[in-house]
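Let's get the structure up on the screen and walk through some pockets and some helix packing.

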Amino acid sequence: MTKTTDTPQTGGLLINYAGKNNYHNQTAIEYEIKYIARENGKSKDDLICCGAMGATYFTNIDMTVKEFQCVQLLYNRRGSFGRYIDHEIYSFSEEEENKISQGNISLENIAKKMAQDFYADGFQVYYGVHKPDKTENHIHVHFAVNTVNFRTGKKRHENMGDTKRRQDRLNRIVMTEIVNHMS
Amino acid sequence: MKRYSNKDNHKKIKSYNTFHKNIKDSEIKIRVSKEQKKELQRKAKECGMTLSSYMLTPHTKNMIELLRLIPQTVELWDTLNGLYHSVETAASALLTEFELQNNALNTYIQKNNQYPGGFCDDKNN
């Protein structure tokens with residue numbers, strides 16, 4: 001798990017759960033997407049909205065999973081496949097949460113623009129906005145990112161620096177949306 | 001000298017086989033023409049595979065062409081998402097407009113109704 005907490009945060013926090021041996025099972029794709037969409041049999045009380053980029057979200061959730069798996073056919077390197085899915089969580093800061101709440105800004109629009117950041121790099125992504133819970137004290141966005149690039153067929157490699165840079169971009173997206181809404 | 005029982009040997013063989021289940025200790029031999037061999041080697045190279053890996057992977061006739069369509073297919077799925085969202089938004093807007101007009105119509109009818117509520121009984125009139 002790569003966490004970027006070196007400097008004081010005014011913006012939200014992005015956490016990448018790509019630890020050793022995490023999500024190395026092919027069933028991880030289905031598990032993560034259904035977890036985010038709350039289609040895993042658990043209550044949907046904390047789900048605000050969900051969607052996808054690079055895969056259909058309005059069809060059956062199993063279809064979305066198959067669309068992720070389809071892209072993984074492009075990866076043909078010998079040896080272990082490694083991670084099948086990447087799970088990242090963006091947790092809004094208190095300041096961001098207050099401004100979004102006061103301005104009645106659409107969380108769905110913000111999450112979609114954040115997902116666009118992953119998609120622009122060539123990765124399918126399924127996202128879901130959840131209310132605060134036991135593990136996260138603020139509203140947060142889950143991203144399930146396909147580890148195979150649909151344009152190149154290569155695997156995704158993100159280090160701490162990449163995660164930090166993406167966090168900065170996501171912070172800017174949130175701030176831009178808040179500023180645009182207020183102006 | 002320690003002697004292992006048959007039971008111990010069985011356990012060792014079982015764990016050995018589980019650990020080394022990918023040991024390639026069998027082979028398949030087929031006779032092909034030189035042209036066929038070159039063609040297979042070319043196709044394997046195109047897919048970035050060795051000849052053995054390529055032949056062990058199940059293929060359809062147009063597998064390579066199908067795989068090449070994946071980037072466009074992914075973009076098409078994303079376009080479909082956008083279309084669905086537009087239709088959903090437009091439908092919601094139309095429905096809201098319909099409800100507003102329906103409410104306005106009902107209000108007008110109630111205001112101008114000569115017989116507010118109940119049945120119009122011809123016998124009494």
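Helices here are DSSP runs of H or I, at least four residues, and strands are runs of E, at least two, numbered from the N terminus.

Quick housekeeping. This is a predicted model, where local features need pLDDT of at least 70 and side-chain atom pairs count only at pLDDT 80 or more, while totals for chains, interfaces and linings use all residues. Residues are numbered from 1 along each chain as its sequence is written, chains are lettered from A and ligands numbered from 1 in the order in which they are written, and side-chain values use heavy atoms, with hydrogens and water left out.

A pocket is an open set of points on a 1 Å grid over the protein atoms alone, where a 1.4 Å probe fits, with protein on both sides within 12 Å along at least five of seven lines; lining residues have an atom within 4 Å of a point. There are 24 lining residues, and A:Leu73, A:Leu74, A:Asn76, B:Cys47 and B:Leu67 lie nearest the centre. They divide into eleven nonpolar, eight polar and five charged. Nonpolar is Ala, Val, Leu, Ile, Met, Phe, Trp, Tyr, Cys and Pro, charged is Asp, Glu, Lys and Arg, and polar is the others, Gly among them.

The second largest pocket comes in at about 440 Å³. Of its 13 lining residues, B:Ile28, B:Leu51, B:Ser52, B:Met55 and B:Leu56 lie nearest the centre. α3(B) gives the most, four residues.

Now the helices in chain A. The axes of α3 (residues 94-103) and α5 (residues 160-182) come within 10 Å and cross at roughly 30 degrees. That makes α3(A) roughly parallel to α5(A), a label for angles under 35 degrees. Axes are lines fitted to C-alpha atoms, for helices over the stretch in contact, with angles from 0 to 180 degrees between N-to-C directions. From α3(A), the contact (heavy atoms within 4.5 Å) uses A:Glu96, A:Lys99, A:Ile100 and A:Gly103.

Last one: α4(A), residues 107-120, packs on α5(A) at about 150 degrees, axes 10 Å apart. Among the α4(A) residues meeting α5(A) are A:Ile110, A:Met114 and A:Phe118.

Technical notes: Angles under 35 degrees count as roughly parallel, over 145 as roughly antiparallel, 65 to 115 as roughly perpendicular and the rest as oblique. Grid points are joined across faces, edges and corners, and a volume is the space filled by probe spheres set on the points.
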